[in-house]
Amino acid sequence: MTKHKIFWTTPVANGPGTSIRRWVLAGIMVLLGGPAPAQQPVPEKPRLLISTDIGGTDPDDNQSMAHFLMYSNRFTTEGLVSSPSYGKGSKQELLRMIDLYEKDLPALQKNEKGYPSPAALRTVCKQGRQGPAPYAGYRTATEGSDWIIQCARKKSPRSLWILVWGGLDDLAQALHDAPDIRTKIKVYWIGGPNKKWSANSYAYIAANFPDLWFIECNGSYNGFFSRNNTVEKLTNTNYYDNYIKGAGALGKDFKNYYKGHIKMGDTPSLLYLMDGAPGNPFKESWGGSFTKIMHSPRTIFNRNTTIADTVTIYSVLEFHFKGPKTNVGSNKPCFTMTVQAGIGEQQWEGFYLGDGAYVVRYCPKQSEVLTYKITSAIPEFPEQSGQLVVDNTWPGKGGPADYRLGDNWYSDRAGSNLFDEGWQGAKTVSKWRNDALLDWAKRWARLQ
C-alpha cells in the first residue's frame, strides 16, 4: 500500500529520540500489517542459487531449507546445489525436503501465490563436490559447478545471487572454469566455521577474484542464535512449541533437528535477500549490515609456532614444512594437521608441493588458544607440534601476505557495540531476530 512509503528505507541517523522513533514506527508498521522498518519488500524477485551442505554433519541446513521453501514465492530459484565439503550430504536430501514441501504447498498457496512447483525445484537440484578441494582450491568440474556457470551466463539484467551455506568449493570451481561469470554474480557466504572446511577454495577466490561482489559473513550470522533482546516465546528452545507445533510435513520434520530447537545459522543470507535493497550492504536488514574490507588476513609460517604467536580470527594460516622428497601428487593429501580447539579435535589435510615442500591451510573460527600436531605416514616425515593464540578482531591490522581485495568485498562490522556474545557484527542480525521469527510464524500458522 502506498501509505507504507512514509517509512525510511535507509538507516536513521543516531541522535536524541532515535530509538523512540524507531519503536514508534515499528509499532505503527505492525498495526498497518506492513514490514518492520528495516525490511521493505524487494521490488522484484531476486534470482537465487543456494549452495548448501545439507545432509552433512550439521542439520541446521535442514532448518534453513525449510525456511527457504516456505518463502520460496519471494525468489526466482535457479539452483539448489549440494556442496558438502565436510560430511556426507547429497542432493538426495534436497529432494527429500522438496517432497515435504510438496505436501504443504496447497496450504501455503491459500494465502500467497507465486510458489515454484515441486517439479521445477527438483529440476534445479544438482550435486556438487563431496569433500574439500586440494591446495590449489579447485580440481574438476561437478554437476553443481557447471550449473552455477549455466545460471550465471543466462541473459538477464539482474545478477544471480549465490547464497553459500557451506564450503566454497563449487563456486571456486565455477570461477576457475568460467572466469567471465565474476561480473554476473553476487555472493553472500556464511563463513566462520565453513571457512575452515574450504580454506583452499577461499584462498583461491580471494587471490584470483578479489573484484567479486562478495559478502563474507563470518560472525554476524551468530546473531540469529542470540538470546539478547529476544522475547521468551521466541527463544531457540521455545519457538517450536509456541509456533511450529508440528505443523504440516515440514513442521513434523523440523522436530528431528536439535529436538526442534532452532539454530538456522544460514538463514541470515536468505533474510538479507528479503530486504528492499540487497545491493546495498551498508543498509540495515534482517540479514545484517556490513562494511567494506580491503584486505583478507593471511599469515605464512615456515616454522613451528608458539604461544607467543597471535593470529586474527577467520584468517588464512599457511604452515609450510620441509620434508623428504617424494612422488606424491599435488592433489593428494599426504599428511595431517590435528588441531585441539574448543570444539574438540579436528583434522586437516596437508599437501605436497614438490621438491620436499609441504603445506596445510587452517582458518580459526573463534578466539582461543590452539594446539596442533603434524603427522604423516611418509617415512622420515618430521613430526611437529605447536601452539597459537587467536584474537577476536576481524580483519585486524594488515600484513604483507594478506589478500588484497577490490571495492565490493564486504564483511562483519567491527564496532565493539555490535558484538553479541563475543561475535563481531552479530547485533546487526540479532536486533531483527524477533521480527523475522514472528513473520515466519504467520506461515507456520497456515500449515496448522
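Biologist: On what basis are the values given?

Modeller: The model is predicted, so local features need pLDDT of at least 70, side-chain atom pairs count only at pLDDT 80 or more, and totals for chains, interfaces and linings use all residues. Residues are numbered from 1 along each chain as its sequence is written, and side-chain values use heavy atoms, with hydrogens and water left out.

Biologist: At what angle do helix H2 and helix H3 pack?

Modeller: Two packed helices are described by the angle between their axes and the distance between the axes. Here helix H2 (residues 60-70) and helix H3 (residues 91-109) pack at about 40°, and their axes lie 10 Å apart. Helices are DSSP runs of H or I with at least four residues, numbered from the N terminus. Axes are lines fitted to C-alpha atoms over the stretch in contact, and angles run from 0 to 180 degrees between N-to-C directions.

Biologist: Which residues of H2 meet H3?

Modeller: Asn62, Met65, Ala66, Leu69 and Met70 do so, and their partners in H3 include Glu93, Arg96 and Tyr101. Contact means heavy atoms within 4.5 Å.

Biologist: Which helix gives the most to the lining of the second largest pocket?

Modeller: Rolling a probe the size of a water molecule over the atoms shows where empty space is left. A pocket is an open set of points on a 1 Å grid over the protein atoms alone, where a 1.4 Å probe fits, with protein on both sides within 12 Å along at least five of seven lines; lining residues have an atom within 4 Å of a point. Helix H7 gives the most, with four residues. Among the 23 lining residues, the closest to the centre are Asp58, Pro193, Asn194, Trp197 and Lys263. H2 and H7 (193-197) each supply at least two lining residues.
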